[in-house]
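Subject: Structure handover

Hello,

Here is the structure I promised to pass on. Please open it first, then read my notes below.

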Amino acid sequence: KTYKHSDYSYVTIVEIPKDEIQLVDMDLCAQPKQTLKAYYDACSVKPAIICNGGFFALSTGETCFNYTDDGKIISTNTDYKEGMGILNGILTYGSLGRLPFTDFVSAYPVLIEKSQKTNITIASNINYKARRTILAYDSTNIYVIAVDSPGMRFAEMQTLLINMGVEYAINLDGGGSTKILENGESIT
């Protein structure tokens, strides 16, 4: 189900019941400049929902934080080990190195942990009103959320997520990279 948030018309939420999901995957577009649409078009099996995820260096397209795809480490960073990954086919919050994730992306920052707002001490350099992409889940759903203009700060995002009842949420890449495709068509 895809909808606009009732209080924030610029927030698009994709709510996916976990029992309807066939596959959750984190994949890497061809670096440095493959668009999300070009990636979708190249997929032999078309994903229902895709979004941009990990932070990357704009000049090179290289992934900045921890990223693992199909068990292969693409990028490592000792500072940002918390994030979300695939563990036994299930999207799971955790710390890289503590769980055997097949796929993983670091959070910058973690927004919600165990249904509580986190104390955001990192990412102060990007804590301003901006377009954002959020990956979240609760016991029954996975959420892919896009915050469009005028954007949000982290505290605003945390309040929105707590009110939604999510258990875990991470901030993914945002700004000009904020994009969700549903069946190959942009919904943000």
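Start with one cut-off: a residue is buried under 20% relative accessible area, exposed over 50%, and partly exposed in between. Arg-131 has a relative accessible area of 22%, so Arg-131 counts as partly exposed. Please keep in mind that this is a predicted model.

Salt bridges

The count comes to four salt bridges. Here are three of them, including the one made by Arg-131.

Arg-131 pairs with Asp-148, and their closest N and O atoms are 2.7 Å apart. This pair links distant parts of the chain: Arg-131 sits in strand 11 and Asp-148 in strand 12 (residues 141-152), 17 residues apart. Asp-148 is partly exposed because its relative accessibility is 22%.

Glu-156 forms a salt bridge with Lys-129, with the closest N and O atoms 3.1 Å apart. Glu-156 belongs to helix 2 (residues 154-164), and Lys-129 to the loop between strand 10 and strand 11 (130-137), so the pair ties together parts 27 residues apart in sequence. Glu-156 is partly exposed at 25% relative accessibility. Lys-129 is partly exposed too, at 36%.

Asp-41 and Lys-37 make another salt bridge, with 3.1 Å between the closest N and O atoms. Both lie in helix 1 (residues 36-42), four residues apart, or about one turn of the helix. Asp-41 is partly exposed at 45% relative accessibility. For Lys-37 the value is 36%, also partly exposed.

Strand 1 is joined to strand 2 (residues 11-17) by three bridges. There, Lys-4 stands opposite Thr-12 in strand 2.

Another open sheet has five strands in the order 5-4-8-6-7, and its pairing is antiparallel. At the edges are strand 5 (72-75) and strand 7 (90-95), each with pairing on one side only. Neighbouring strands of this sheet are turned by 25° against each other on average, direction ignored. Six bridges join strand 6 (residues 82-87) to strand 7. Leu-87 stands opposite Ile-90 in strand 7.

Thr-188

Which residues does Thr-188 touch, leaving aside those up to four places away in sequence? They are Thr-12, Ala-146, Asp-148, Thr-178, Lys-179 and Ile-180. Thr-188 is in the segment after strand 15 (185-186). A polar atom of the Thr-188 side chain lies 2.9 Å from the backbone nitrogen of Ile-180.

Best regards

Key
Residues numbered from 1 in each chain as written. Predicted model: local features only at pLDDT ≥ 70, side-chain atom pairs only at ≥ 80, totals over all residues. Heavy atoms only, no water. Pairing = 2+ DSSP bridges. Helix = DSSP H or I, 4+ residues; strand = E, 2+ residues; numbered from the N terminus. Axes fitted to C-alpha atoms, helices over the stretch in contact; angles between N-to-C directions. Polar contact = N/O pair within 3.5 Å; in protein donor to acceptor, adjacent residues only side chain to side chain. Contact = heavy atoms within 4.5 Å. Salt bridge = Lys/Arg side-chain N within 4 Å of Asp/Glu carboxyl O. Buried < 20%, exposed > 50% of the residue type's maximum accessible area, 1.4 Å probe, protein only.
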